[in-house]
Amino acid sequence: LYGWLVWRNAPRKKPKTARNAAAAGPTDQTARSAEPAAARTARNTTAGHSDQTACNAGPEAAQTARSAEPAAVRIGHTPLRYAAGLIAVYAAAHAGIYFLLSRFTNSTVPFWDAMTTAASIVAMWMLSRKYIEQWLVWLAVDLITIGLYLYKGIPLTAGLYALYSALAVAGYLRWRKLAAQETTGAAK
């Protein structure tokens, strides 16, 4: 739910082509400025345009504006400036969860349980931003969890996490490929 909200509410980037086409395209600003705001909103909504500039610029720019992808949903690498914050969130979550597990539950492995839960929280946040490295965090969580379930004598669940590990490797490789394609496509 959190990821969906982030992706849905991400600010939309306005493509350069829509702005350029708007500047070059003919518009009747006098007629538009005399038009009531409610009528402009209705016309833009009815036409499928929410961006006045794209609507004035013509069908090519309007299509480009409609297909503009939200910035937060593009697959990319985790910015290095986030590393310290992510480590701090992980450490705080690990310490808090460890405290709760060791004091209020009968967990025999509270340190490791807290580790995987805290890392999962960080990985989920990274996933909501579509950072490629989240797959590596999930892989680490899955490998530790395999060991925990084998230690606890639950081999079938350990097998499930082995499958999750394979999916994490496949996801990482796939997202790297997609990010490279986006970078190549953006450079053209």
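Colleague: What joins the side chains of S128 and R129?

Modeller: A polar contact of 2.9 Å joins them. A polar contact is a pair of N or O atoms within 3.5 Å; within protein, one must be able to donate a hydrogen and the other to accept it, and residues adjacent in sequence count only if both atoms are side-chain atoms.

Colleague: What sort of model is this?

Modeller: This is a predicted model, where local features need pLDDT of at least 70 and side-chain atom pairs count only at pLDDT 80 or more, while totals for chains, interfaces and linings use all residues. Residues are numbered from 1 along each chain as its sequence is written, and side-chain values use heavy atoms, with hydrogens and water left out.

Colleague: Back to S128. Where is S128 found?

Modeller: S128 is in helix 8, residues 110-128. Helices (H or I, at least four residues) and strands (E, at least two) are DSSP runs, numbered from the N terminus.

Colleague: Is S128 buried or exposed?

Modeller: S128 is buried, because its relative accessible area is 2%. Buried means under 20% relative accessible area, exposed over 50%, and partly exposed in between (1.4 Å probe, protein chains only).

Colleague: And K130, where does K130 lie?

Modeller: K130 is in the loop between helix 8 and helix 9. Its phi is near 55°, a positive value in a residue other than glycine. K130 has a relative accessible area of 19%, so K130 is buried.

Colleague: How do the axes of helix 8 and helix 9 cross?

Modeller: They come within 9 Å and cross at roughly 155°, with helix 9 covering residues 134-151. Axes are lines fitted to C-alpha atoms, for helices over the stretch in contact, and angles run from 0 to 180 degrees between N-to-C directions.

Colleague: New topic. Which residues is S165 in contact with, leaving aside neighbours within four places in sequence?

Modeller: L139, D142, L143 and I146. Contact means heavy atoms within 4.5 Å. S165 lies in helix 10, residues 155-187, and S165 counts as buried because its relative accessibility is 7%.

Colleague: How many helices and strands are in the protein chain?

Modeller: The protein chain has 10 helices and zero strands. Buried residues make up 31% of its 188 residues.
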